Amino acid sequence: MKYGIFVGIAHIIYFLIMRLLNLQNRVELSFLSAIFLIIGITVAISQFKKAKGGNINYFQGLAIGATTGVVSSTILALFMVFYLTLFDTAYLAALQTSSLFPLSLSVLSFFVLTIIYGTIPGFLIAFVAMQWFKRADHTIPERI
């Protein structure tokens, strides 16, 4: 949960920086925020493994990644609902012109899509990270 909150805050700060630079309509730049999710999930799994004395169940790692994704995307989604309804109602119309969102995009559907767009990558990132963390020593095996 803690790292999900940190990642959610990082997403919000990144969005606000994009807004200040007038780049918020460049939807493809939002994919760079995946770096925050990758770092957050990797650190969360690593810290959990340290707390458990170096042992981590594969499914625990997947759950940590999914949880980090859900928490961070829910925080971002709540912020975006607040932002869209109070500060920039025209931004929703700009998102509708993007090929990534449907023309019938509403605040509620944007809320749900934001959570989905954070949860699925969180699970996938955790899947990839667990290929590393499932080993007790975190090392890549030597080739024979």
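In the predicted model, helices H1 and H3 pack with a right-handed crossing. The axes of H1 and H3 approach within 7 Å and cross at roughly 40°, which makes H1 oblique to H3. By residue class, the contact between H1 and H3 comprises 13 nonpolar, 5 polar and 1 charged residues. On the H1 side, the contact is formed by Tyr 3, Gly 4, Ile 5, Val 7, Gly 8, Ile 9, His 11, Ile 12, Phe 15, Leu 16 and Arg 19. These residues meet Thr 68, Val 71, Ser 72, Ile 75, Leu 76, Phe 79, Met 80 and Tyr 83 of H3.

Helix H3 also packs against helix H5, which spans residues 107–133. The axes of H3 and H5 come within 7 Å, with a crossing angle of roughly 155°. Because angles over 145 degrees count as roughly antiparallel, H3 and H5 are therefore roughly antiparallel to each other. The contact of H3 with H5 contains 18 nonpolar and 11 polar residues, and no charged residues. The crossing of H3 and H5 is right-handed.

The second largest pocket has a volume of about 160 Å³. Helices H1 (2–20), H2 (34–51) and H3 (58–86) each contribute at least two residues to the lining of this pocket. The lining consists of Met 1, Lys 2, Tyr 3, Gly 4, Ala 44, Gln 47, Phe 48, Ile 64, Thr 67 and Thr 68. By class, the lining residues divide into 5 nonpolar, 4 polar and 1 charged. Tyr 3, Gly 4 and Thr 68 are among the residues lining the pocket, and Tyr 3 and Gly 4 of H1 and Thr 68 of H3 also take part in the contact between these helices.

Terms used. Residues numbered from 1 in each chain as written. Predicted model: local features only at pLDDT ≥ 70, side-chain atom pairs only at ≥ 80, totals over all residues. Heavy atoms only, no water. 1 Å grid on protein atoms, 1.4 Å probe; cavity = no way out; pocket = protein on both sides within 12 Å on 5 of 7 lines; lining within 4 Å. Points joined across faces, edges and corners; volume = space filled by probe spheres on them. Helix = DSSP H or I, 4+ residues; strand = E, 2+ residues; numbered from the N terminus. Nonpolar A, V, L, I, M, F, W, Y, C, P; charged D, E, K, R; others polar. Axes fitted to C-alpha atoms, helices over the stretch in contact; angles between N-to-C directions. Parallel < 35°, antiparallel > 145°, perpendicular 65-115°, else oblique. Left-handed = near helix turned anticlockwise from the far one by under 90°. Contact = heavy atoms within 4.5 Å.
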